[in-house]
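Subject: Structure handover

Hello,

Here is the structure I promised to pass on. Please open it before reading the notes.

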Amino acid sequence: MNTPPLAANAIALLRSLIATPSFSREEEKTAGLIDRFLKDAGLTTHQKGHNIWAFNRHYDETKPNVLLNSHHDTVKPVAGWTKDPFSPDMEEGTLYGLGSNDAGGPLVSLIATFLHFYEREDLPFNLILAATAEEEISGANGIAAVLPELPEISVGIIGEPTQMQLAIAERGLMVIDAEVTGIAGHAARNEGVNAIYLALKDIEWIQQHDFERVSRLLGPVKATVTQIKAGHQHNVVPDRCDFVIDVRTNEHYTNAEVLEYLQIHTQSILVPRSLRLNPSGTPEDHPLVQAGIALGMSTYGSPTLSDQALCPFPTVKIGPGDSARSHTADEYIKVSEVEEGIERYIRLLEGYVERV
């Protein structure tokens, strides 16, 4: 196999990453691998926690900043693996291993792309590479901890397996704990206020309500009641009912807006577990998106979460590999996909150069 040097080095790094367990919050060793790889290439690196980042050699604070970001943490292997998840086995151009697809392939492709542009003096923007932690759990010690350390970002490329198509919108997630209070009473007598019945009124409203602002890419906001709990014994009218609402927001609402709207129209006390995972959306007329479209890349809205949700600036999610392989047994990525990923990342940024 005649693999170009840039891609060959990326594949070698990926194999080392696969061989090094890096579950969320346990990424110290893979952070060290990435740090050493970049330093061996002559870069100065920065580190906070298990996050590593670097700036292009000719960084100019008067220029806008483009962020290249992907993550090096993984989920734990699911049941059903027929191979060793931590053995980077190569079979006829296919590389197997945990994290090979999500998101090792996109990560090493972005690193190679960054190295390709590292010495360029004529770029109209700076490049910042960030290999971050805790993406799989949307943790506070990943990209969210790095962004305050960086200068203002104009646009970001988030490396995730998208078959090198452009996800320009992504659903947000908000989990809400709802509590309804009634009055306890004996079930044999007509007394008390049944908290279950009160909760059912809210649940029915949630089920039937359609949010007005519908996204072309993501569709409507979707609120779904997924858990319910009430009562302690059969003969007591329950005075409390708790239920959980899973809310998937589109780019036309913030999570806070949806929470406020739900609270106005329900009698339950609604407490969000977090408001951090907001939806994202980048207009199709953005120069980076236009550069991708010019290369034949399609645009779409992604139903799955990534670090896009934590980036308060325009982003596109794109990378080699296929999201359908993520978190599955015998996860893999093809060497040809990494090669194509590097090539198309480079061409995407070259197209962006022409538009800014």
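The notes below go through the sheets, the helices packed on them, the helix pairs and a few local details.

Please keep in mind that this is a predicted model.

**The four-stranded sheet**

Start with the open sheet of 4 strands. Its order is S11-S13-S9-S14, and the pairing is antiparallel. Strand S11 (222-230) and strand S14 (269-272) are at the edges. Each has a single partner strand, so one side of each has no neighbour in the sheet. From one strand to the next, the twist averages 25 degrees.

Now look at S9 and S13. Strand S9 covers residues 172-181 and strand S13 covers residues 240-249. The two run antiparallel and are joined by 10 bridges. For a landmark, find Ala 178, which stands opposite Phe 243 in S13.

Which strands does helix H5 lie across? Helix H5 (residues 195-208) lies across S9, S11 and S13. H5 runs at about 15 degrees to S13. Helix H6 (residues 255-265) also packs on the sheet, where H6 touches S9, S13 and S14. The direction of H6 makes about 25 degrees with that of S9.

**The three-stranded sheet**

There is also an open sheet of 3 strands, in the order S4-S5-S18. Pairing is antiparallel here too. Strand S4 (90-91) and S18 stand at the edges. Each of these has a single partner strand, so one side of each is left without a neighbour in the sheet.

S4 and S5 pair over 2 bridges, in the antiparallel sense. Glu 91 stands opposite Thr 94 in S5. Helix H3 (residues 100-117) lies across S5 and S18, at about 35 degrees to S18. H8 packs on the sheet as well and touches S4 and S18. The direction of H8 makes about 65 degrees with that of S18.

The loop between S4 and S5 deserves a look. Glu 92 is in that loop. Glu 92 is not a glycine, yet its phi is positive, at about 50 degrees.

**Aromatic pairs**

The count comes to 8 aromatic pairs. One of them is Tyr 96 with Tyr 332. The pair is tilted, with 5.8 Å centre to centre and 50 degrees between the planes. It links distant parts of the chain, since the two residues are 236 residues apart. Tyr 96 is in strand S5 (residues 94-96), and Tyr 332 is in strand S18 (residues 332-334).

**Helices against H8**

H8 (residues 335-353) meets helix H7 (residues 287-294) at an angle of about 125 degrees, with the axes 8 Å apart. That angle makes H7 oblique to H8. H7 passes H8 in a right-handed crossing. From H7, the contact has Pro 287, Leu 288, Ala 291 and Gly 292. From H8, it has Leu 348, Gly 351 and Tyr 352. By class, that gives 5 nonpolar, 2 polar and no charged residues.

Helix H1 (residues 5-18) also packs with H8. Their angle is about 125 degrees and their axes are 10 Å apart. H1 is therefore oblique to H8. This crossing is right-handed. Leu 6, Ala 7, Ala 10 and Ile 11 in H1 meet Val 335, Val 338, Glu 339, Ile 342 and Ile 346 in H8. The residues of this contact divide into 8 nonpolar, no polar and 1 charged.

**H2 and H3**

How do H2 and H3 lie to each other, roughly parallel or roughly antiparallel? Helix H2 (residues 28-40) packs with H3 at an angle of about 20 degrees, and the axes are 12 Å apart. H2 and H3 are therefore roughly parallel to each other. Their crossing is right-handed. H2 brings Ile 34, Phe 37 and Leu 38 to the contact. H3 brings Leu 107, Ile 111 and Leu 115. By class, the contact has 6 nonpolar, no polar and no charged residues.

One last point on H3. The peptide bond from Asp 102 to Ala 103 is cis, with omega near 0 degrees. Ala 103 is found in helix H3.

Best wishes

Terms used
Residues numbered from 1 in each chain as written. Predicted model: local features only at pLDDT ≥ 70, side-chain atom pairs only at ≥ 80, totals over all residues. Heavy atoms only, no water. Axes fitted to C-alpha atoms, helices over the stretch in contact; angles between N-to-C directions. Parallel < 35°, antiparallel > 145°, perpendicular 65-115°, else oblique. Left-handed = near helix turned anticlockwise from the far one by under 90°. Contact = heavy atoms within 4.5 Å. Nonpolar A, V, L, I, M, F, W, Y, C, P; charged D, E, K, R; others polar. Pairing = 2+ DSSP bridges. Phe/Tyr/Trp six-rings, centres within 6.5 Å; stacked < 30°, edge-to-face > 60°.
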